[in-house]
Amino acid sequence: WATSQGWRSLRRGWPDYLCVTPDGVAVVEVKGRPSERLSPFQEEMMTILADLGIPCYKWTPKSGLEVHRPAIHNRQMRQHRSWATRRRVLSERVMA
């Protein structure tokens, strides 16, 4: 039903934690090493959540909590209308 109404269902790439306070929510992706990158699906999900105004973070034991910055600027991403194109662009940027 949802797809017939123009919605897109995302099953992969969800952050490890949804942190909730009375003032709002934030999401956190946990990685073992600071150099460990988000997968293309995680990058896409964090970009979507950040576009919705949800604070997104990456946490590692060495670096602690870091604000997540999308691999591609949101304005540039919006110019790509199809989700397939967005995923391809994100994958290229994340793998670069």
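Cys-19 is partly exposed in this predicted model, with a relative accessible area of 35%, whereas Cys-56 is buried, at a relative accessible area of 4%. A search of the whole structure finds zero disulfides, a disulfide being a covalent bond between the sulfur atoms of two cysteines.

**Sheet and hairpin**

- Cys-19 stands opposite Ala-26, a residue of strand 2.
- Strand 1, which covers residues 17–21, runs antiparallel to strand 2 and is joined to strand 2 by five bridges; the two strands form a hairpin that leaves two residues between them.
- The open sheet is built from four strands in the order 1-2-3-4, and the pairing within this sheet is mixed.
- Strand 1 and strand 4 (64–67) stand at the edges of the sheet, and because each has a single partner strand, one side of each is left without a neighbour in the sheet.
- On average, and with direction ignored, neighbouring strands of this sheet are turned by 30° against each other.

**Nonpolar core**

- The largest nonpolar core consists of six residues, namely Val-27, Leu-38, Met-45, Met-46, Leu-49 and Cys-56.
- Helix 1, spanning residues 40–51, supplies the largest share of this core, with three residues.
- Once neighbours within four places in sequence are left aside, Leu-49 is in contact with Pro-15, Val-27, Ile-54 and Cys-56; Val-27 and Cys-56 are, like Leu-49, among the residues of the largest nonpolar core.
- Cys-56 counts as buried because its relative accessible area of 4% falls under the 20% cut-off.

- Lys-31 is placed in the loop that lies between strand 2 (24–30) and helix 1.
- Is Lys-31 buried or exposed? Lys-31 is buried, with a relative accessible area of 10%, which means that its value lies under the 20% limit used for that class.
- The side chains of Lys-31 and Gln-42 are joined by a polar contact of 3.1 Å.
- Apart from neighbours within four places in sequence, the residues in contact with Lys-31 are Glu-36, Arg-37, Leu-38, Gln-42, Lys-58, Trp-59, Thr-60 and Pro-61; one of these, Leu-38, also belongs to the largest nonpolar core.

Methods: Residues numbered from 1 in each chain as written. Predicted model: local features only at pLDDT ≥ 70, side-chain atom pairs only at ≥ 80, totals over all residues. Heavy atoms only, no water. Core = buried A, V, L, I, M, F, W, Y, C linked by side-chain atoms within 4.5 Å. Buried < 20%, exposed > 50% of the residue type's maximum accessible area, 1.4 Å probe, protein only. Contact = heavy atoms within 4.5 Å. Polar contact = N/O pair within 3.5 Å; in protein donor to acceptor, adjacent residues only side chain to side chain. Pairing = 2+ DSSP bridges. Disulfide = S-S within 2.5 Å. Axes fitted to C-alpha atoms, helices over the stretch in contact; angles between N-to-C directions.
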